[in-house]
Each structure stands twice: as C-alpha cells, then as structure tokens.
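Thanks for coming, everyone. Please have a look at the model on the screen, and then I'll walk you through it.

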Amino acid sequence: MQTAIFTVEGHADLHACLKPAASIIQRGGIVAFPTETVYGLGANAFDERAVKKIFDAKQRPPDDPLIVHVSSIEMASTLVDGPLPDIARRLAQRFWPGPLTMVFKKHASVPGIVTSGLPTVAIRVPVHPVARALIELSGVPVAAPSANLFERPSPTRAAHVLADLDGRIDGLVDGGEVDVGVESTIIDVTRDPPVLLRPGGVTLEALEALVGRVALHGSVTSKRVDGPVISPGMKSRHYSPKTKLVLVDIDDVHVASIKIAAVARDAIKDGKKVGLILFGHDVDVEPVVLVQLGTDAVKGARALFDSIRSLDSKSLDLIVCGATVEQGLGLAIMNRLKKAATEIIT
Ligand code: TXA
Ligand code: MG
C-alpha cells in the first residue's frame, strides 16, 4: 500500500489539510498523526476491522490495549460505564486537554479489541491542534497507540513514523516535531488511591499536588515486574534500539561519569563502536557519537527517542547511557531507559 502524506506546514487551512486524513479514518483506514507527546496511529475506535489493522501494521500483540483519543470530557463520558469518578473529573478539569490518560471502567459500546478484553478503557484528550482537529473532523473516538513498530522507540517526528511504517499504513499527517517527546502519563482512576501505571507528560508531582497520594505501580521504576502485568506496556522490553544499550543507573554524576567512561573504554579497546547518551555527565573518552541531553528534563524528554533512534542508525556496537534524576519528567525518562536497556549497571 502507498502511504499518503499530508503536510501541515505551509497549509493555510488546517481543516482543509486534514479532511482527507479524517475521511480515511471514517472509511476504516489507519492514519498516523502528531499529538503533543508522540505520533499516534489512529483508527475509528468503534470499527473493529480498522482497529485490527493497527495491530497488524505495528506487529503489536493483541494483549496490549490501545488508548482512545477524544476531543472533550463529554465525549469521554460516553465511553465510560457509569458516571466519571470524582477524582477523574478533577484531573480532567486540570489536565485535559493534555498528556494525561485515565483508565476507567469501560462502556459496553467500546469493542473488546481496543481494550484487549479488559473491563477497563484508557482515554485521553490530546491538546495538539492537529490531533484535536482530526478527532473532530472524523467525528468518532480515535483509538491510537504510538505510531512505531512494536517494541521500537516511539516516533517524535514524521520521519520516525515512515522509518517504521511506510507502506504499512494508509496515511500520515506530518505536523513537525512533537513537544513533550515521551508518552502520556497513565493513571488508573478505578482504584483508591489512584495508581500511576506509566509516568509521562504530566508529572507525578503535579498529580499529587491536585489529588493527594498516588500509588506507583511496580513497573514505573523497575525494569521487571513481579505480579500480574495489568498494563502490557509494562512489559520489560520496550522502546528498544537494535543496538545493545547499557544504562549506568548511578545517581552521583561524578561516580556515574567514571563508570560510563570505564564501560565505554573497555568496549572501544575491544574494537567496538560506541555511542554515548549523557545527562550532564562529563566523560573522558572518545566515542563515535556523543549526545549530551543535559540536566533539563523537559529538553531531555523532547530529544530522548530521537537520540536513541539516531544512535541506532549509526551501526554502533554499543550505546552507553547515563541516568537522570527521577523527578518531574525525569521519572518518565528513566522509566523509558530502563525498558530500553539490554543491561542496567547500578
Ligand atoms: O502519549 C500517548 O499516550 C501516545 C499518544 C499517541 O497518545 N500513545 C501511546 O499509546 O503511548 P501506546 O499504545 O504506545 O501505549 C499505551 C499504553 C500501553 O502500555 C497499554 O498497555 C496501556 O496504555 N493501556 C491501554 N489501555 C489500558 C487499560 N485499559 N488498562 C491499563 N493500561 C492500558
Ligand atoms: Mg507505544
């Protein structure tokens, strides 16, 4: 199949530009589009055959449920069984539209293929103007995972989507680079206290400032999970480059810098091509590529997946990556790096 590309930049009329993409969704096709977090791959959530195409295109296993994107709290309510929990209303008023996904008891009208047979449904209202306009023009809730092949880093630019999915999807809306760079925060509001399933664009600190204590699911800060995996995105291997990635998870920047240098130097001595991803570390070696993401977590999150993809395209033998503080967006950055890592040195 030929993937049709719709470019937003330079188009005077956003709605006119998005009309053909919305009509693909209405006709049961699948379209990648930018959101403020990462690019998503969307289909009409009520159309089971269209949703099945998402799983096929991504080579995503059927036990990994999708987030449904809507344009308002009212539209979200139609997908939820019973009234929205109080806490969800408060969270929605503060963080929607935006990078927050809430898990609710699902309404019977939501097809089981969307939720992988779970009795719950994950919903979010994106803030990106392209995503909002596309949902409104389509007139339906849009089921959309990140627009990457299964287990690969999420796409933050149209070129990343094409690298994974060109010829496998009906359309792509190129809306330039995304803003946040890591996926939405997922919070399960069917539990008391609510449970953070995935850290993301809305920080844990911001959630707790509004609603008090939020419990952390075990997969948030560790690579492997004991007990049942209630959200398959918690699987231990995720966001992975093809190149081996060693994460040096040591808080003290000076101690970490020495360790990163030692790991890199050993590999270089063995004739290996090494790339580095650093968060303000000062490392005394000469790698083939060095990406300095600095200590500002907002900037680090924005550049994270692009850096991993770019290093992965350089035919390296090894990527050595430092750690950043697990605060603010740093919690999401570290969560993604732990899942991406082949090995973690502590
Ligand atoms: O920022 C984002 O959330 C992006 C953009 C496109 O909106 N989407 C995204 O989707 O990251 P995806 O499919 O890559 O990750 C969605 C995660 C998965 O880990 C899935 O297991 C979890 O959401 N999820 C979906 N429905 C769920 C449910 N009912 N209960 C628990 N987890 C759920
Ligand atoms: Mg994903």
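A word on naming: helices (H or I, at least four residues) and strands (E, at least two) are DSSP runs, numbered from the N terminus. This is a predicted model, where local features need pLDDT of at least 70, side-chain atom pairs count only at pLDDT 80 or more, and totals for chains, interfaces and linings use all residues. Residues are numbered from 1 along each chain as its sequence is written, chains are lettered from A and ligands numbered from 1 in the order in which they are written, and side-chain values use heavy atoms, with hydrogens and water left out.

Start with aspartate 164. It sits in helix H7. Is aspartate 164 buried or exposed? Buried, with a relative accessible area of 8%. Buried means under 20% relative accessible area, exposed over 50%, partly exposed in between, with a 1.4 Å probe and protein chains only. A polar atom of the aspartate 164 side chain lies 2.8 Å from the backbone nitrogen of leucine 149. That is a polar contact: a pair of N or O atoms within 3.5 Å; within protein, one must be able to donate a hydrogen and the other to accept it, and residues adjacent in sequence count only if both atoms are side-chain atoms. Leaving out residues up to four places away in sequence, aspartate 164 touches Asn148, Leu149, Arg152 and Arg309. Contact here means heavy atoms within 4.5 Å.

Arg309 takes us to helix H10, where it is one of the buried residues. Others there include Gly300, Leu304 and Phe305. What do the buried residues of H10 pack against? Helices H7 and H11, and strands E13, E14 and E15.

Now the geometry of H10. Aspartate 296 caps the N-terminal end, with a side-chain oxygen 2.9 Å from the backbone nitrogen of valine 298. Lysine 299, also in H10, is exposed at 54% relative accessible area.

Next, the ligand. How many residues surround ligand 1? The count is 27, and the closest are Thr37, Arg60, His69, Ser146 and Ser184. Near means a heavy atom within 4 Å. In the side chain of histidine 69, an N or O atom is 2.6 Å from a ligand oxygen. For serine 146, the corresponding distance to a ligand oxygen is 2.9 Å. Taken alone, ligand 1 exposes 680 Å², and the protein buries 97% of that. Those areas come from the Shrake-Rupley method with a 1.4 Å probe; for residues, only the protein chains shown count as cover. Strand E6 gives the largest share of the shell, four residues.

Most residues other than glycine have a negative phi, and most peptide bonds are trans. The bond from tryptophan 96 to proline 97 is cis, with omega near -5 degrees. The bond from aspartate 192 to proline 193 is also cis. Glutamine 59 has a positive phi of about 55 degrees. Glutamate 151 has one of about 75 degrees, and counts as partly exposed at 24% relative accessibility.
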